[in-house]
Every structure is written in structure tokens, then in C-alpha cells.
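Let's take a walk through a protein chain together. Have a look at the picture first, and then we'll go through some of its parts.

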Amino acid sequence: MKKVNILLFFMVCLHFAIFSQEKFTLSGKITDENSHGLEGATVVVLPSGEGAIANTKGQYLLSAFVKGLYTVKVTFVGYKTLIDTISISDNYIFNAQLQPATLSLQEVVVSDHYAETRQKEMPLNVEVVNDDFLKQNRGGSLMKSLERLPGISTIDIGSGQSKPVIRGLGFNRVVVVENGIKHEGQQWGADHGLEIDQYAVEKLEIVKGPASLLYGSDAVGGVIDIKQNGIPAENTVSGVVDLNGKTNNNLLGTSISVAARKKSFFAGMRATFLDYADYKVPTESVDIYSYKAALYKNHLRNTAGNEQNLHLFFGVIQKYFQSKFFVSRIFSKSGLFANAHGLEPRNVDTGLHDKSSRDIQFPSQQVNHIKVINKSEWFWDKFSIEAELGFQRNFRQEWSQYVSHGYMPPVFPDSLNFDPELERQFEKYIYSGNLRGALQVNSKLSLSAGISSEFQDNRIGGRGFIIPAFKQYNSGSYALAKHLFSEESILQFGLRFDFGKINSKSYYDWFPSSNGDSGEATEYLKRSDDLSRTFTNLSWSLGYNYSPENWLFKINFGKSFRMPIAKELESNGVNYHRFSYEVGDSKLLPEVSYQFDAGLEYHATKLAVGATPFVNYFSNYIYLNPTDRFDRLYGAGNQIFEYTQSKVFRFGGEIHAHYQLVKSLQFGFIGEYVYSEQLSGSKKGFTLPFSPPASAIANLKYQKARWGFAKDVYISLDYRLTASQNKIVPPEKSTNGFQVVNLSAGAKFKLNSQELILTAQVQNLFNTKYFNHTSYYRLINVPEPGRNFILNISVPFTGKI
């Protein structure tokens, strides 16, 4: 009993020692260079993490501080971040006057200067995009929303699907990373979009250039690194309701998110629902090869779709550790242009398709992508560890009316175990793991190293064959050293070793064919063999950054590689989307790329200008080469395309400039150019498929911090000029140049105490008919969508727990 009383006595003493400490307040005023209060300025106190937003007079108040040293960080968009250390021993008044930042080349300024820091640290050229940029440039998909950035284009498949292209390289040459894990689906297909919910993206980085050092095989063209769900402030609940509408395809959508944190535990969710009709083009008919297909009320029939996405996240944060879990399910169903898939264009039932613009008939596709990720970090004074574990399941089905091609039976047999209208099915399981460590050796030298591993199991089904079932394993390890000669002068060097193995299964037709002169169908043809290939590679990168005062100079030399994928090695079937027959080559070598990148930027109060050139050489670039042969077994004589390799030389770059005409009016210019030439093979002297033409955007943007009862007002006008693309690879067609005008505007409003954020766009203001050379539908002369009015309303909310 005596021991218990002593224990209780010490616990009471400890309680009073902790809770009887006197608490103090921190208050003050945040002003601009003219001593006017900055409403909306953010004040954060470290290490506690407490924060406040300045009121209409620029004033703020924080409370419950005990005696001690604290770091105060003050930020506001368009102004330099102020960081200071204070000692609190009584109620403390801290006033801060912020100074205007130099003009940035970023399209939307990130208030924490993250973009500026990344630009100075990375020897490759980086674009940093935040939620504001995505709202102001919302397209039919995340990749379409990024198309306004220099060096970024897309391969579009209708109004809701697109694939990223960085400096003319796409498909499996661009890696998409979400929360540290490489996104894997069926990205080998030109008609396959990415299963990413753009409403769930909070920030992303685009690395332009070879990034195999950190991301391994497939990153020869660049990386799109998506970051989601930042940690909420302590003891708060917050969220946003997004409402979206578009007139071109009558899209209606909403995305709702909520997140909360109680001390060290946090959790949240997001749900997104989209429904859209057939999109409209500024033409009454489409010339599909030799047939003119009439369009009903300008609708591209059967391009409607819908999307339902759900995201959950939760985690824990401690002083030296934090861990996040992400669970998501992305589901989409969409039609494919009825006149451009499998059937003869003239045999389409136009009455059925034109009855409603919102229904989804055959041909169609649906994708269900499940993703589970854990991201954990441990950090000490000079050492940190990051680990990611990921699981993904990508389930894709493509549906179309059963039609007998070649030796296929006129009536589908009942004995087979799949639906006759299931054209193709792909089911992929992906298991991923990454482990990285970083050590700050001293004030000048930092070292980092990491390992990554991924296993893919891809299964196939349906009546049509294009690629075999396969299993693929990849692993790699890297080491990177960074030396600071000074804060402005940084040298980086890294090495990486990769190992990859792919095993594919043989495949036989489910129906007999004739492989002889008799014409009698007696043999089940073998479409692919059992295959096992192993690949290894050593990549390296050497880069230097120099950033004195208002200048930034960077150079980078690197070697990267990409191992061939199953489609390139073992494809042997009809691509009904392109009316082609595609054949792989099991002996292909891995692609090896050597690239030189440079960057030069200048920032002043009224002017920012930059140029980012590159030179690139592939010793064995892989591409689909059209031949003079035609398939006789599986359709009406589709042209045969074979995967082959050639030496390729590429160069190009981007220029980007902003000039502040007056305080609220800014002029901007973006230009990009890519040149590609094959140096060997049967297409020597030709360019590469899907090569984007030169293009430029002239922009005029009006911005005002306050306009009547509206805040952060902007009005932006884009004039896009795209050159003709006459450098082609048959059967591509030359594409005429075009000019398009886009308009956007936005502002923040308050209804009582509730904030509303409105953004509006008018895309293709003058309803111009033009063709995009990198569009999936370019071969059949489908123009880009006509005029489109877009309205997005965001309703953010916050509260205390």
C-alpha cells in the first residue's frame, strides 16, 4: 500500500509539472511591401505544427505555447517565404512584412516554394503542378489537364481517355508513379487510358528526360510522379466538395473528400462520380478510309461513359516516424467510336447508336483497377528511411458484337467457356516494393541508395488474341551522391543496376484454320510460343546545378534503358482499333538511350525566362513498322505491322517566358519542338510514330488579389498555334497546322463564412475544326472536340476536433 501511495504521489507531481506550465499566446500582423494587411497569409509554428490564417486586416492569433524556442514560417502566394526563430517566455507579438517574390515560370505558384526548391536540386528539368493548376485547366482526364505544360502532349482516345507523351515519347517509355508506387495497367495499348482519378491529385511532378536512375526500366522518356493526401493539421477536420459540368459531352460530375486528424492519427476518403455523353466534333461526317460516315448532330457516336472512384487513406504520424495507407478503386466504362472498331464502318447500326447520346453500346470497354499502398518513413538527425509496398489488380474487358473473321465459325460454339461478345480480357496482378535510405554525411555531402522490386502476373481471355499471358519480374538497386560546393552549386552522380525477366505462355486459336493450299480448316494455329527472356543493364547519371542570385543553370548526362514488353516480343493478332495486324519479335534487344539535358532560367521581379534543350540517341529504338504484306487468316486483308528496332537521333526542347506588363497583367509564352530521325533500318530517314509537331502558346493573364467581394481573381486567354506535321511514318497522314483560342477565369467568394471557389473555361472558343497529329483517331480523320464550356465549383470546409 505504501508503494502505491508513493506512486500516486509521483504521478500527481508529474501531472502538475506538465499541465501547470504557464501557457502564452503568439499574435501579430502580416503585411505586404506597402504595409497593407495580407489576408490569407499562412503562419505555421514549428515544431508544434500549430498554424493560423491571417484575417482581413492581416492579423493572426495562436495560443497555448509553453516557454521555449520556436521557428515561425510565414507564406503567401506571390511573396517570398519568411522564416524566423523566436523565444517565447511571455505573450509574444511577431509582425512580419513580406516581400514580393521574383516572377516564376511555374504556371501556378506553389506557396511553400516547393517548385523552386526542386528546380534547384534536380539536374533534370522538372515541372511542379498543384491542385490550383488542375482546377484551372481541367480536361477530360488527368493527362489532358497537363497538356498545357511545355513538352507535354497526349495520345487521346475520345473525351475521357488519354495517355501521356513527354517530348515525343509515350506508352511504356513514360512512368506514372502514384504515392511512391509505379502505376501498372495495360498501358501498351494506344486505346488504353490511365486509371487515375484527377480529382484525387494534390500535387505532382513531371520529370522531363531519362529518369531510369531512380525509377528503373520504362522511365526513358520521363516520369509523372503523383502525390496525394497530405497530412491534415492536428485536431482538425477538412474536406472539399467539387462539382463539375461540361457542355461538349454533357458531363456531370462530383468529387467529395473529407480528412481528419486527432493527435497522431489521421484518416480520410474521397468519392468521385462522372457521367458523360457522346462528345461533339465540328463536322457533320468523318472520312474513314474510303467511306464517309455521317454523324448525327455532330456526335461521335458511342463515346459516352461513366466513372466511379473511391479512395480511402489513414495513417499515423510520430516525431521520428510516419506511415500512410492508401486504398483505391477506379472503375470506368466507356464506348468506342462505333464506326472505327472491328466492323466495316458502313455496317454500323446508326439508328441504335443515335437513339441516345448517353447510352453505351458495343464496342465498349470497362476497367476496374484496385490499388493498395503503404508508405512509411523513419527519420533521424542525419539519416532517413523510406519504404513503399504496393498491390494492384487491373481487370480490363473489351466488348464487341461477335462477327466471324477469317476462319472463325459463323455461329459461336456453345462449348467454349467465355462470352462470345467478350473480345478481349486482361487481368493483371502487380506486387511492388521499394526501400530507400538517405544519409547526410556532412554539410556538403549527402548519400542515398535504394532497391525496388516488382512482379507482374498478366492473364488473358476472350475470343481475340493480341498478346500472350505472361509473368514478369523486375528488380533494381541504385546509389546517388550529392555534393554541395555551396548553396548555389550542386553536383550529383548516380549508378543503377537492373535485372528483368519475362516468361510468356504459348497460345493456340480456339478455332481451326487452314495453313495450306487445300483451304480446309483442320489446324489450330499457334499464335505465340513459350518464351523466357532475361535482361540486365547498368544505368548512370551525372548532373550539375548552379543557381546564383536570379539565375539557374543545369546540365545532365545520362544513360537509361527499357526492356521489351510482351506485346513487342510476342504479339500476333489483329488490332481492331487500327485495322492492322501486329507481329512481335521475340529476339528484340532492350532499348538503350543516351541523353544530354540542359536548362537555363532567369528570374527577376517582372521577367522570367527559361530554355530547356535536350539531345537524345537510341541505339535500338523499338517501334511498329508497316510492311507491304497483308493478313489472310483473320480478316479482310489487314496490313501487317512488325515490331523492329532502329537507331534514332532526337533533339528539341522548350522555351518558357513570363513578363509582368503591369501589376495585375502578365504575358506568357510557351514553345516546344521535337525532331526525330531513324538512322537505320527499313525506315531510315523517317521520323518516329506519334511525333508531336512544333507548337506555341501565347497567354495573357489578369490577376487581382481582391475585386469587390471576390478574391484571387484571374482571367486568362490562351492562343495556341500548332505547326503542320509533314514528317510522318506511313500509314500516318500529314496533319495541317491549326490555331485555337481557349479562355478561363476564376475567383474565390464568401457566402457568409463559407468559401466558394469558381473556375470556368471555354475550350476551342471559336469551334475550330482541327486535327491533333498524336490523337488515336487521327488515322480515320476524326477532328478534335468542338467548343466546350466547363464549370467547376469547389466548396472547401474546415473545423476543429
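This is a predicted model, and its chain splits into domain 1 (2-111) and domain 2 (121-800). Computed between C-alpha centres, the two domains sit 41 Å apart.

Let's start with the core. The largest nonpolar core holds 22 residues, and Leu 26, Ile 30, Val 74 and Phe 94 have the most contacts inside it. Which strands each supply at least two residues of this core? They are E1 (24-31), E2 (42-46), E4 (59-65), E5 (68-75) and E6 (82-88). Leaving aside residues up to four places away in sequence, Val 74 touches several others, among them Ile 30, Val 43, Leu 82 and Phe 94.

Next up is an open sheet of 5 strands, in the order E9-E14-E15-E12-E13, with mixed pairing. Strands E9 (125-130) and E13 (181-182) are at the edges with a single partner strand each, so one side of each has no neighbour in the sheet.

| Strand pair | Bridges | Opposite residues |
|---|---|---|
| E12 (174-178) and E13 | 2 bridges | Val 177 and Lys 182 |
| E31 (531-546) and E32 (551-562) | 7 bridges | Tyr 546 and Phe 553 |
| E32 and E35 (591-603) | 12 bridges | Trp 551 and Tyr 602 |

Note on methods. Residues are numbered from 1 along each chain as its sequence is written. This is a predicted model: local features need pLDDT of at least 70, side-chain atom pairs count only at pLDDT 80 or more; totals for chains, interfaces and linings use all residues. Side-chain values use heavy atoms; hydrogens and water are left out. Domain bounds come from an automatic or database domain assignment. Two strands pair if DSSP finds at least two bridges between them. Helices (H or I, at least four residues) and strands (E, at least two) are DSSP runs, numbered from the N terminus. A nonpolar core is a set of buried Ala, Val, Leu, Ile, Met, Phe, Trp, Tyr and Cys residues joined through side-chain atoms within 4.5 Å. Buried means under 20% relative accessible area, exposed over 50%, partly exposed in between (1.4 Å probe, protein chains only). Contact means heavy atoms within 4.5 Å.
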